[in-house]
Amino acid sequence: ISSRGNGHVGIGHLGIQADTRCEMTTLAARARSVSEATVEQKGTSCCYAKSDKAWVTDPTGIRWEQFYTFAESDTLADRPANTNAPAEARCCA
């Protein structure tokens with residue numbers, strides 16, 4: 001539970017962690033099947049981890065982050081790679 005960035009207090013986003021790349025591929029496909037607005041990121045750095053991610057917003061406005069972490073990162077966020085992504089896909093947004 002956190003500040004959502006727009007002044008509202010509540011859930012910023014929820015996450016589903018995949019254990020394998022294969023599972024991540026399945027999660028991303030499910031997200032695409034329910035929303036054309038799915039944002040996918042490959043090899044992004046966020047929260048000191050390298051991950052592949054798929055973001056989707058549910059009908060109530062909650063953002064869902066599906067991710068597979070495959071390595072550690074030396075930086076908190078890979079901002080340059082994410083600056084063109086929608087706000088919901090930016091690390092720690």
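The paragraphs below treat the chain as a whole and then turn to the pocket.

The model is a predicted one, and its protein chain contains 2 helices and 6 strands. Read from the N terminus, these elements follow the order β-β-β-α-β-β-β-α. Within the protein chain, contacts between residues at least 6 apart in sequence include a share of 47% that join residues at least 24 apart.

Burial and surface can be taken together. The protein chain has 93 residues, of which 35% count as buried, where buried stands for under 20% relative accessible area. Its accessible surface amounts to about 5,900 Å², and carbon and sulfur atoms account for 54% of that area.

The pocket comes next. Rolling a probe the size of a water molecule over the atoms shows where empty space is left. In this model the largest pocket has a volume of about 160 Å³. Which elements each supply at least two residues of its lining? They are α1 (21–34), β5 (49–57) and β6 (63–72), and the largest share of the lining, 4 residues, is contributed by α1.

The lining of the largest pocket can also be read residue by residue: it consists of I16, L27, R30, A31, V34, S35, V56, T57, D58, P59, W64 and Q66. Sorted by class, this lining comprises 7 nonpolar, 3 polar and 2 charged residues.

Note on methods:
Residues numbered from 1 in each chain as written. Predicted model: local features only at pLDDT ≥ 70, side-chain atom pairs only at ≥ 80, totals over all residues. Heavy atoms only, no water. Buried < 20%, exposed > 50% of the residue type's maximum accessible area, 1.4 Å probe, protein only. Contact = heavy atoms within 4.5 Å. Areas by Shrake-Rupley, 256 points an atom, 1.4 Å probe, with all protein chains shown as cover. 1 Å grid on protein atoms, 1.4 Å probe; cavity = no way out; pocket = protein on both sides within 12 Å on 5 of 7 lines; lining within 4 Å. Points joined across faces, edges and corners; volume = space filled by probe spheres on them. Nonpolar A, V, L, I, M, F, W, Y, C, P; charged D, E, K, R; others polar.
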